[in-house]
Amino acid sequence: MIAATVVATCTVAAVVCAGGLDRRIAEHDTVLERSEPFAYAAQNLYAALSAADAAAASAFLSGGTLSAPARMRYQQALAAASSALVDVTAGATDADTRAEAAEVSTQLATYTGLVELARANNLQEFPVGSAYLREASSLMQTELLPGAERIFARDLAVVHAGQRAVGATPVAGLVLLTVLLAVLLAGSLALRARTNRQVNIGLIVAAAVVVLVMTWIVTATWVAAASIERGQSEGTARFGQLAKARILAQQARTDEMLQLIARGDITRGEESFRGRLDELTGVLGSGPVAVLDEVQRWSAAHDRQVTAYVGGEYNAAVTQAVGSHPNGSAAQFAEVESTLRDHIEQTRAVLRDRTAEAGDALAWTPLGTTLLLALAAVAATAGLWPRLEEFL
């Protein structure tokens with residue numbers, strides 16, 4: 001009975017421990033191969049949509065004649081948005097995300113049509129062109145971008161859940177290993193009572209192996225959990241923070257352009273721009289100093305744009321907004337966007353590296369646990385075999 005109970009408990013513990021550890025490794029693979037790339041694609045979708053809107057507005061302010069660089073920026077942004085949308089749709093694991101992606105795809109076609117109408121009317125100097133562009137931008141701000149933001153939030157939540165699963169403690173396996181130790185102790189006490197022998201070497205070896213297995217599992221999961229925690233604080237959380245900052249910067253840039261396109265009272269537009277810039281600064285918090293400095297320089301460039309506009313110098317305001325001068329709003333925003341993009345890439349690398357470290361810590365635990373528990377079963381059986389022979 002002792003031999004059968006020990007072997008059965010070892011077998012069950014091996015299956016449960018190895019299965020639980022295998023699931024954590026599978027979650028690790030899913031985070032690196034699916035969840036994180038799709039969250040990254042969703043972030044890129046938002047950025048590309050915003051970039052397309054800004055490029056369209058910039059071309060409109062330049063007279064509607066798409067210069068080669070402006071046309072390239074607009075087309076590249078649309079191509080990037082389409083590519084990211086394909087990736088997001090391919091990675092959609094729930095009906096809500098698929099429906100959201102389909103809606104974004106439909107609205108994107110409508111948006112591009114409105115932009116072309118605005119451009120065509122502007123080329124003919126019809127005032128209605130600005131109305132079409134405002135309608136297109138409104139569609140972007142109220143439908144497309146919020147949809148992309150919701151997709152990103154869902155995908156980032158999936159990454160969080162996957163990371164938590166990788167670093168979770170295998171409670172069921174540890175409980176079974178504790179039960180196995182109790183079985184070995186009870187068996188040792190029973191043998192001592194029946195045979196008057198103080199110890200059974202086989203059961204002692206089996207217990208030592210079980211303790212080794214428990215130590216290995218606890219250590220591996222602790223290392224994995226520590227890597228995941230660092231990945232969440234230095235990677236996932238920071239990734240979401242920087243993505244939010246990039247979103248706010250893109251929205252502020254759109255507000256900046258629409259102020260000039262409307263050619264009216266800019267009070268509401270200015271309130272929106274300032275609100276987004278303040279929120280951007282708050283989101284960055286104690287983040288990269290370089291970005292905060294660039295935001296301040298962008299704000300100063302925008303002030304010069306507003307001063308020119310309020311002073312009746314519309315052309316000067318437009319030049320400040322979309323011109324190529326290093327101190328212009330366009331150049332300053334480009335620096336903010338470039339720095340945020342670079343930091344997002346760096347943060348993404350940290351996220352993936354920490355998750356990979358967690359997977360490395362767990363890599364051999366399923367096979368090792370199975371082999372060691374098989375060794376424990378063999379050791380216990382070998383230790384009990386002389387006693388069994390006495391009754392055969």
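Visitor: How many cavities of 30 Å³ or more are there?
Guide: The count comes to 2. Keep in mind that this is a predicted model.

Visitor: How much space lies in the second largest cavity?
Guide: About 30 Å³.

Visitor: Which residues line the second largest cavity?
Guide: Gln43, Tyr46, Ala47, Ala243, Arg246, Ile247 and Gln250. Helix H1 (2–61) and helix H6 (201–262) are the elements that give two or more residues to that lining. H6 has the largest share, 4 residues. By class, the lining divides into 4 nonpolar, 2 polar and 1 charged.

Visitor: Now pockets. What volume does the largest pocket have?
Guide: About 680 Å³. Its lining has 31 residues. Ala51, Arg73, Gln250, Phe333 and Glu337 lie nearest the centre.

Visitor: Which helices supply at least two residues of that lining?
Guide: H1, helix H2 (68–91), H6 and helix H10 (329–362). H1 gives the most, with 9 residues.

Visitor: And how many of the lining residues are charged?
Guide: 7 are charged, alongside 15 nonpolar and 9 polar.

Visitor: Switching to H3. What should its 29 residues span?
Guide: At 1.5 Å a residue, helix H3 (residues 95–123) should span 42 Å. The end C-alpha atoms are 42 Å apart, so the two agree.

Visitor: Which H3 residues are buried?
Guide: Among them are Thr97, Glu100, Ala101, Val104, Gln107, Leu108 and Tyr111. Further along, Leu114, Val115, Ala118, Asn121 and Asn122 are buried too.

Visitor: Why would residues three or four places apart point the same way?
Guide: An α-helix has 3.6 residues a turn, so they do.

Visitor: What follows H3?
Guide: Glu125, with a positive phi near 60°.

Note on methods. Residues are numbered from 1 along each chain as its sequence is written. This is a predicted model: local features need pLDDT of at least 70, side-chain atom pairs count only at pLDDT 80 or more; totals for chains, interfaces and linings use all residues. Side-chain values use heavy atoms; hydrogens and water are left out. The expected span of a helix is 1.5 Å times one less than its number of residues. Buried means under 20% relative accessible area, exposed over 50%, partly exposed in between (1.4 Å probe, protein chains only). On a 1 Å grid over the protein atoms alone, a cavity is a set of points where a 1.4 Å probe fits but cannot get out, and a pocket is an open set with protein on both sides within 12 Å along at least five of seven lines; lining residues have an atom within 4 Å of a point. Grid points are joined across faces, edges and corners, and a volume is the space filled by probe spheres set on the points. Ala, Val, Leu, Ile, Met, Phe, Trp, Tyr, Cys and Pro count as nonpolar, Asp, Glu, Lys and Arg as charged, and the others, Gly among them, as polar.
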